[in-house]
Amino acid sequence: MTESILTVTIRSIYVSSIAALIAFLSSLALNAAFSRMSRKYVEVISGVFEALVGVPTTVIGLLVYMLFFPGGPLGTLKLLYTPHAIIIGEFLVALPMVYTYMFRHYYAMRDTIRELVLSLGCPEKKAFKLLLRELTPILLSAYFVSFSRAMGELGVALIVGGGIEGYTNVLTTAIALQTSIGNYEYAIQLGAILVSITIMLIVTMKILGERVLWRLD
Amino acid sequence: MRIVIISLVVVLAWITGFIIGVYHVELSHSSLTQYSVKVSTTTSLYQLGVLDDLFSDFNNVTGLNAKFDVLAKGSGEALRLLADGSTCIGFVHAPALEQEFITQGKIERLALFAYNEFIIVGPRSDPANVSSAVNAVEAFKRIYMAGELGLARFISRGDMSGTNIREIQLWNLAGLNPEGKSWYLKTGQGMSQVLIIADNLDAYTLTDIGTYMKLENQGKLRNLVTLKSDPTYLINVYSMYLSKTTPCDDPYTWYIAFKLRDYLLSRGQDLISIKYMGLLNPVKGREDMVLQAWLALTKLS
């Protein structure tokens, strides 16, 4: 392998953090939109999302390939085998998971906090502000859930990224390629890097995030 | 107020991160402005490292600064990508499958540029006595018999790669169908993984000599030895293809493809014979023999 591990790692972080950001923002928007609907419909929609959490990433990869291959509906965009295609695929991979995560926590928290705050005689507006403040750590970890899901998926990156050295090779595709040519030792080193990066990033961000949030009170 | 400041900091951090990221991607692929050709290849050639050598020598000799984006896949997938126009140039070794795509008019063969052979490898103890078989077909018959008796196992790629297709052809020639037998294990993995599995399970398998020698030299195979080689049934021909789909129908791709073809058949041949002796043979001087072998292979079902 001619490409340095550092380059692959940076590309991995870049691609998956953007995919996670898009997934995070859109599930925030979805949750906000659905929160005004009646609870019955929201449960049905969320059920669909919950079911989608388990869809194999290879299936999503194939779907994105079908969209972007030269004869496909979006083939003219020439996105196949670019990092952008991986970002789109990983966004689809991360979306159901981050949506479900947010949804569950939001509803659980909303009801308890509203009841508590209103019973203590707070105005409705202040209750909402308090809710937002209490929700912040959850939003933070929702982002990290989607980030690590995007970082660790292989199917999409392999099919629509192709693992082209120096362009779309991310950690997971590098691991898969090294495994398939029998270079197990190198593959496991890459795997160790992948795991430690995810852990390090998430733990530091969490500690930092909580420090900042603690100061709020 | 604090919330505003914090969110501002977060947003700023994001924007800087984004800019660094974009800059990095552009930097690491500065050839975005330069022309690049997508190439799909079988994993065996990728693993030998021969393509990297050929491409860099090609750029040196011709003075072209072509960038080749290489996707290492099995021959079946590599051909599919060619037929889709997802990649424009392909290096594969599955004659029967190639013929199918050629008759569909989706790909065009530019060159048969190298060949080596498949070998049957198995445990040192050789319970099926493959090493004394007269040819590859009889060797497969012996493995089948030993398998039925519970003495041997066979690991199959099962992924429509060139090696897998050759294996199926051999079973057909032997008039046997191992499908669904308990001793016949289909893995769907790459060649190296199959060799490692076969090594761990004391099983037989069919492999191209390049991948086997590479792993053998790295000391990854403890118990697997070459049991049967057979120049008639086990020749392995590598060909270069150009996709005839619209996305590849631009002058630059064609120019690069035909230049590369000319290079492969002239100077590339010398590079292969010098640097990959024993792993890969150039076709130079034996074009007829290789072509005949290729034609014979397309006719096998």
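Start with the crossing of two helices in chain B of this predicted model: α4(B) passes α5(B) in a right-handed crossing. To see the pair, select residues 75-84 of chain B for α4 and residues 95-103 of chain B for α5.

Two packed helices are described by the angle between their axes and the distance between the axes. Here the axes come within 10 Å and cross at roughly 15°. Angles under 35 degrees count as roughly parallel, so α4(B) is roughly parallel to α5(B).

Next, show the side chains where the helices meet. Which residues of α4(B) meet α5(B)? On the α4(B) side they are B:Ser75, B:Gly76, B:Leu79 and B:Ala83. Their partners in α5(B) are B:Leu97, B:Glu98 and B:Phe101. Coloured by class, this contact shows four nonpolar residues, two polar ones and one charged one.

Now zoom out to the whole of chain B. It has 12 helices and 10 strands, and its C-alpha atoms fill a box of roughly 80 × 55 × 35 Å along the principal axes. Of its 301 residues, 46% count as buried. Among the contacts in chain B with a separation of 6 or more, 79% join residues 24 or more positions apart.

Last, bring chain A into view and select the place where the chains touch. There, 23 residues of chain A are in contact with 27 residues of chain B. On the chain A side, look at α1 (5-34), α7 (171-180) and α8 (184-216), each of which supplies at least two residues. α1(A) gives the most, with four residues. By class, the chain A side has 13 nonpolar, eight polar and two charged residues.

Note on methods: Residues are numbered from 1 along each chain as its sequence is written. Chains are lettered from A and ligands numbered from 1 in the order in which they are written. This is a predicted model: local features need pLDDT of at least 70, side-chain atom pairs count only at pLDDT 80 or more; totals for chains, interfaces and linings use all residues. Axes are lines fitted to C-alpha atoms, for helices over the stretch in contact, and angles run from 0 to 180 degrees between N-to-C directions. Angles under 35 degrees count as roughly parallel, over 145 as roughly antiparallel, 65 to 115 as roughly perpendicular and the rest as oblique. A crossing is left-handed if the near helix is turned anticlockwise from the far one by less than a right angle, and right-handed if clockwise. Two residues are in contact if their C-beta atoms, placed from the backbone, lie within 7 Å. Ala, Val, Leu, Ile, Met, Phe, Trp, Tyr, Cys and Pro count as nonpolar, Asp, Glu, Lys and Arg as charged, and the others, Gly among them, as polar. A residue is buried if 20 or more other C-beta atoms lie within 10 Å of its own, exposed if 12 or fewer, and partly exposed in between; C-beta atoms are placed from the backbone.
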